[in-house]
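The following exercises are to be worked with the sequence and the model in view. Each task is followed by a solution in steps.

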Amino acid sequence: MPADTFPQTAPELNTARKRPAPVVHDAVTGFSGRVISEGALPTETTQLMAIAAAHIIPCPFCIRGHIKIALRHGATAQEIMEAIWVAVQLKDDDNKTERA
């Protein structure tokens, strides 16, 4: 996939997002970090779940970010693709239910 398909988030954009509501930004960032951190589920598992969810939304920035983190925490390409296929299959089932 070409590197420019999904542009990188620039630090200036992150600063601009935080400026209007810094308390809310910090709360959301903190919550997100805690939810996806090591707990009863290993980080690799939570990242695979995030990858699957990001494919259903869809959010290309989330997909790219969570794949990078999952790989750093030991996920394999096969595990990542299986998580993606589960998401695709569930979304497809949801579409069939809506058409019925």
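**Exercise 1.** State in which helix Ile56 is placed, and decide whether Ile56 is buried or exposed, or in between.

Solution. Ile56 lies in helix α3, which covers residues 43-56; helices are DSSP runs of H or I with at least four residues, numbered from the N terminus. The model is predicted: local features need pLDDT of at least 70 and side-chain atom pairs 80 or more, while totals for chains, interfaces and linings use all residues. Residues are numbered from 1 along each chain as its sequence is written, and side-chain values use heavy atoms, without hydrogens and water. Next, buried means under 20% relative accessible area, exposed over 50%, and partly exposed in between (1.4 Å probe, protein chains only). Ile56 counts as partly exposed because its relative accessibility is 35%.

**Exercise 2.** Identify the peptide bond that joins Ile57 and Pro58, and locate Pro58.

Solution. The bond between Ile57 and Pro58 is cis, with omega about -15°. Pro58 belongs to the loop between α3 and α4 (60-72).

**Exercise 3.** Describe the helices of the protein chain and the confidence in them.

Solution. The protein chain holds 5 helices and 0 strands, in the order α-α-α-α-α from the N terminus. Confidence is given by pLDDT, the predictor's value for each residue from 0 to 100. The chain average is 86, and 86% of the residues reach at least 70. Helix α1 (residues 11-18) has the lowest mean, 83, and α3 the highest, 95.

**Exercise 4.** Determine what share of the protein chain is buried.

Solution. Of its 100 residues, 19% count as buried.

Definitions and conventions. Helices (H or I, at least four residues) and strands (E, at least two) are DSSP runs, numbered from the N terminus.
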